[in-house]
Amino acid sequence: MEAADLGPTNGALVRPRDLVEVSLPGERWEELTSANEAFGLLVGARVVWTVPLSVQRTPLEDIASGRHDREWRELGELVARGGSPVVRIVLPEGGEPMRSAAAFRRAAAAVRQTPGVAVEWGVPTATPPAVWAAAWPGDDVVDIVGIPLAAGASWTAQVAAPGGLADWSTWAWSRHRRLGVHWELDADVDADRVARVADWLDVAARTSVLAYDSVATTGETRSDALTTYRELH
């Protein structure tokens, strides 16, 4: 996985740095605490920790009320062992924007009590900014706007369709935030698509639009796509 520097830039390209993205399923609140031994395995690594906002299917109102501040605060403390850690909190699919904003704000504020921990506001796949703007929790609790590339979509759609890269790049820039782009090498991603995505990410990094990107393989990853990815990275 490649990442551009999260710090301030002067417009010049910052050489990418390796990072690891770790997804916490969010099935139990204990995953965010020291009961989860995963945090001890990546001490010193540069990690994006992805977790759903609605951990254990908890109602958003309960999170917004502060009932789970302790778990979110402990998560921030645990990830701080790594270098430039990021907590990516993903909004629920189909969630009501205002309720999501209140819950996210509370969770992010608890995470950010630990100095040096950045928070990524993760939106659902192929969701236009116009839909989720009401879910923005506030400039003071969000460092990065995170978007997933829609699986199976054409490259044109991934860039130009509502909720695509161009749409979110413009919106994030208006909030003075950079993008975290998350994508998979699934069955629909061939060598040509990998090259196109890599070109876009390179330009985005050069223009300070991109904070970082992460990529994951699947059981259907094509060998040509994986070979091209390795050659380009």
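Predicted model: local features only at pLDDT ≥ 70, side-chain atom pairs only at ≥ 80, totals over all residues.

Setting aside neighbours within four places in sequence, I found W183 in contact with L149, V194, V197, L201, D213, S214, V215, A216 and Y229. I then checked where W183 stands in the largest nonpolar core, which has 58 residues. W183 is listed there with L53, W72, L75, W121 and V181 as the residues that touch the most other members. Apart from that core I noted another one, of seven residues, with A118, I144, A211 and Y212 among them.

Which residues are buried in α9? I wrote down A225, T228 and Y229, in a helix that runs over residues 223–232. Looking down the axis of α9, I saw that its buried residues fall within an arc of 100°, so they line one face of the helix. On the other side of α9 I found S223, R230 and E231 exposed.

Next I turned to α3, residues 69–79. Eight of its 11 residues are buried, so I noted this helix as largely enclosed by the rest of the structure. My list of buried residues in α3 reads D69, E71, W72, E74, L75, G76, L78 and V79. W72 and L75 were already in my notes from the largest core. What do the buried residues of α3 pack against? I found α1 (38–41), β4 (47–52), α2 (60–64), β5 (86–90) and α4.

Then I looked up T114, in the loop between α4 (97–111) and β6 (118–122). Is T114 buried or exposed? Its relative accessibility is 12%, and because buried means under 20%, I logged T114 as buried. Leaving out neighbours within four places in sequence, T114 is in contact with R73, G76, E77 and A80. G76 is also one of the buried residues of α3.

Last, I went looking for empty space. Rolling a probe the size of a water molecule over the atoms shows where such space is left. How many cavities of 30 Å³ or more does the structure hold? I counted two. I listed its lining as F39, L42, V43, A45, V47, W49, L78, V79, R81 and G82. The elements that give two or more residues to this lining are β4 and α3. Sorted by class, the lining has eight nonpolar residues, one polar and one charged.

Conventions. Residues numbered from 1 in each chain as written. Heavy atoms only, no water. Helix = DSSP H or I, 4+ residues; strand = E, 2+ residues; numbered from the N terminus. Buried < 20%, exposed > 50% of the residue type's maximum accessible area, 1.4 Å probe, protein only. Contact = heavy atoms within 4.5 Å. Arc of directions from axis to C-beta. Core = buried A, V, L, I, M, F, W, Y, C linked by side-chain atoms within 4.5 Å. 1 Å grid on protein atoms, 1.4 Å probe; cavity = no way out; pocket = protein on both sides within 12 Å on 5 of 7 lines; lining within 4 Å. Points joined across faces, edges and corners; volume = space filled by probe spheres on them. Nonpolar A, V, L, I, M, F, W, Y, C, P; charged D, E, K, R; others polar.
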